[in-house]
Amino acid sequence: MKKYLYEADIYLPDFEKVDGSRWATVACDQFTSEREYWENADAYVGGSPSALRVILPEAYLDEAGKRIGKINSTMEEYLKDVLVCHKDTMIYLERVQSDGKVRRGIVGAVDLEEYDYSKGSQSLIRATEGTVLDRIPPRVAIRRDAQIELPHIMILIDDEQRSVIEPIAAKAAEYELAYDFDLMLGGGHATGRFIPAEDIKDINIALDELATSEQMLDKYGINCAPLLFAMGDGNHSLATAKALYEEIKAQIGAEAAKDHPARYALCEIVNLHDEALEFEPIYRVVFGVEPEKFVAELSDYAKRLCGAEEREQKIKYVYGETTGEIVIKTPECQLTVGSVQQFIDEYIKTHKGVEVDYIHGLNSTHTLAQKENAVGLTFDGMEKNQLFRTVICDGALPRKTFSMGHAEDKRYYIECRRIK
């Protein structure tokens with residue numbers, strides 16, 4: 001039987017000796033403009049062992065050169081004195097979010113040979129948003145000499161029948177406890193349990209049922225290469241793991257790379273249909289424009305589009321006290337946000353000084369649209385059940401298409417895995 005999610009030697013602290021609330025740390029790509037969050041985390045952790053000491057928050061990415069050496073030496077210290085290896089396992093994770101809802105996932109490893117983040121990819125694991133290639137080299141530099149990886153990668157499966165994760169959830173009370181603690185700074189709670197070997201086998205049997213061309217045709221009406229795993233969070237982290245693995249493979253040869261630990265990446269898989277998983281739209285505010293002319297050009301663009309089918313997409317605009325709506329009758333993109341982003345990208349190319357910002361929430365969008373020479377654009381967000389079909393049809397989504405919950409609800413670093 002083909003494997004899709006792999007057992008891993010998962011390293012965890014001994015949580016009878018280490019405070020889990022100080023160990024677990026939110027994803028490094030959160031609070032990037034709010035160093036005070038990371039300062040508060042630093043103060044809370046103090047001298048306790050913590051994932052905070054072996055990751056680089058992107059708020060400090062400009063200090064990577066000064067920090068990487070200390071991070072790597074701390075990894076080595078933790079491997080000697082803090083981390084305990086749990087062989088060939090996966091972890092079932094229940095995450096209580098800041099809103100009280102419980103999100104369920106399974107932590108295991110994916111094969112980077114099955115992942116391709118390039119445009120037009122037909123791989124089993126695919127990016128859901130465009131990968132910014134310039135973001136990869138500095139992250140590879142961080143990972144290159146690291147002994148361990150800690151994942152904030154969340155990968156989605158489209159499992160409406162709830163055949164993969166939910167049967168594990170039903171048995172979880174019988175499993176050995178891996179950890180159980182509150183997460184720092186309003187992150188909710190995390191409970192992890194080791195999944196026994198016989199149930200790991202059942203996970204891959206269920207995934208195999210999802211990874212067929214027949215499933216693609218049945219669910220999406222498309223005869224295409226199977227898409228099993230769609231990136232939810234951590235797209236650039238998985239791309240970094242892939243880039244480093246390809247670098248190693250070029251150095252040691254494809255045959256030797258088959259058994260190299262860097263071939264795999266630890267992640268959490270989550271069912272797209274988990275009730276706790278919510279998609280929120282990310283709106284646009286464009287600055288440095290003459291609002292009336294900008295709206296007129298957007299309206300002309302909407303009229304010019306000539307997609308294959310007639311299905312309305314509605315874009316609402318606001319500037320100052322003026323509001324209105326533009327309707328695209330035959331869009332070329334599956335999603336309204338795709339149509340909007342396509343227009344903005346082309347507009348910026350031909351209008352100097354124009355900038356765009358990506359905004360969460362209607363109130364914030366309307367507030368920013370009160371500024372001089374600014375226009376806010378809002379639209380219906382992508383429904384969860386549109387994700388896989390859109391990636392199959394359009395490829396990677398426009399950047400900043402959706403957000404999966406608030407920053408505090410992103411994945412926390414808990415589990416580790418050796419990559420050297």
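Reader: How many cavities of 30 Å³ or more does the count come to?

Author: The count comes to three cavities of 30 Å³ or more, where a cavity is a set of points on a 1 Å grid over the protein atoms alone at which a 1.4 Å probe fits but cannot get out. This is a predicted model, in which local features need pLDDT of at least 70, side-chain atom pairs count only at pLDDT 80 or more, and totals for chains, interfaces and linings use all residues. Residues are numbered from 1 along each chain as its sequence is written, and side-chain values use heavy atoms, with hydrogens and water left out.

Reader: How much space lies in the largest cavity?

Author: The largest cavity holds about 400 Å³, a volume being the space filled by probe spheres set on the grid points. Its lining has 23 residues, and those closest to its centre are I142, R143, L150, S237 and Y413; lining residues have an atom within 4 Å of a point.

Reader: And which residues line the second largest cavity?

Author: That lining consists of L93, R95, R103, L183, A190, E268, R411, Y412 and I414, around a volume of about 40 Å³.

Reader: Changing topic, in what order do the five strands of the open sheet come?

Author: The order is β15-β14-β17-β13-β16, with antiparallel pairing; strands are DSSP runs of E with at least two residues, and two of them pair if DSSP finds at least two bridges between them.

Reader: Which strands stand at the edges?

Author: β15 (322-328) and β16 (355-359) do, each with a single partner strand, so one side of each is left without a neighbour in the sheet.

Methods
On a 1 Å grid over the protein atoms alone, a cavity is a set of points where a 1.4 Å probe fits but cannot get out, and a pocket is an open set with protein on both sides within 12 Å along at least five of seven lines; lining residues have an atom within 4 Å of a point. Helices (H or I, at least four residues) and strands (E, at least two) are DSSP runs, numbered from the N terminus.
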